[in-house]
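Student: Could we go through this model together? I would like to begin with the backbone.

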Amino acid sequence: MPRPFAAGDRVLLVDSRRRRHLVTLAEGGTFHTHAGVVDHGALLGHEEGIEVRTSRGARLVAVRPTLADYVLKMPRGAQVIYPKDLGPILMLADVFPGARVLESGVGSGALTTTLLRAVGHDGQVLGYEIRDDFADRARRNVEAFLGPDIPLEIEVRDTYEGIGTTDLDRILLDLPEPWRVVEHAAGALRPGGILLAYLPTIGQVSQLRDALAASPFGMAETVEILQRSWHVDRQSVRPDHRMVAHTGFLTHARLLQPG
Ligand code: SAH
């Protein structure tokens with residue numbers, strides 16, 4: 001179905017050196033870069049994928065941002081989980097359409113947006129975030145990408161104090177001391193439910209694994225996702241010189257029946 005660019009749409013402008021700019025289109029708007037100016041009018045009414053020229057003749061390609069593009073460009077309060085981890089998180093936590101998911105903390109909303117896309121309109125994402133400014137920012141970020149019609153509830157509260165619901169399918173944690181949530185999670189998940197925690201350091205992973213080992217959770221695993229990008233330019237095909245060497249470890253476990 002054709003969906004030409006309209007005012008209010010977000011557009012990713014990519015230059016010949018792969019620099020990316022996220023722009024919100026407006027009637028009469030202009031986009032300024034060191035390579036010149038682009039009138040939004042050159043984009044409005046066109047399908048994505050077109051190439052436009054700046055006032056100084058530089059070429060820019062215009063496409064709608066993917067979720068990964070958006071996550072890397074959206075305004076941040078807290079550090080976000082990167083796309084390389086967001087994809088595997090959906091698989092390791094087996095997030096499915098219709099799932100009831102608790103997420104904490106919500107931070108900037110990168111994982112929240114990813115979860116909402118995966119659970120769909122029949123699912124539910126409940127977010128616990130201790131800072132009200134982050135909760136507000138996250139909701140704005142999520143709605144800017146998915147629109148306001150989403151099954152999301154964010155509560156400003158401390159997840160270490162407890163979880164105020166039951167029968168959850170999945171719990172996803174990105175907070176500093178997830179071992180303090182293990183007992184609450186065991187009471188809030190349905191049997192067979194999955195707990196997944198994202199943690200930057202291995203000492204935190206050990207502490208979480210100890211807490212899981214002493215709980216009704218089983219089948220625990222910890223993985224690290226490494227992504228190495230390649231430089232491909234005719235005869236010169238090799239790994240890029242630089243890579244993101246570390247983000248976080250992913251630990252997941254399932255709630256089993258006692259005995
Ligand atoms: N996963 C998020 C980033 C989360 S950053 C994203 O992808 O955007 C960690 C968040 O946990 C911060 O916003 C912090 O305020 C919140 N937090 C820390 N301790 C918490 C607690 N005890 N209860 C609820 N939220 C907490």
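Tutor: G105 lies in the loop between β7 (100-104) and α3; helices (H or I, at least four residues) and strands (E, at least two) are DSSP runs, numbered from the N terminus. This is a predicted model, in which local features need pLDDT of at least 70, side-chain atom pairs count only at pLDDT 80 or more, and totals for chains, interfaces and linings use all residues. Residues are numbered from 1 along each chain as its sequence is written, and side-chain values use heavy atoms, with hydrogens and water left out.

Student: Is the peptide bond from S104 to G105 cis or trans?

Tutor: That bond is cis, with omega near -15°. Most peptide bonds are trans.

Student: What is phi of R18?

Tutor: Phi of R18 is near 65°, a positive value in a residue other than glycine. R18 belongs to the loop between β1 (10-15) and β2 (20-24).

Student: And R18, buried or exposed?

Tutor: R18 counts as exposed, at 67% relative accessibility; buried means under 20% relative accessible area, exposed over 50%, partly exposed in between (1.4 Å probe, protein chains only).

Student: Turning to the ligand, which residues come nearest?

Tutor: Of the 23 residues around the ligand, E129, F134, D158, T159 and D174 come nearest, where near means that a heavy atom lies within 4 Å.

Student: How far is the side chain of D174 from a nitrogen atom of the ligand?

Tutor: An N or O atom in the D174 side chain is 2.8 Å from that nitrogen atom.

Student: What about G109?

Tutor: A polar backbone atom of G109 is 3.1 Å from an oxygen atom of the ligand.

Note on methods: A polar contact is a pair of N or O atoms within 3.5 Å; within protein, one must be able to donate a hydrogen and the other to accept it, and residues adjacent in sequence count only if both atoms are side-chain atoms.
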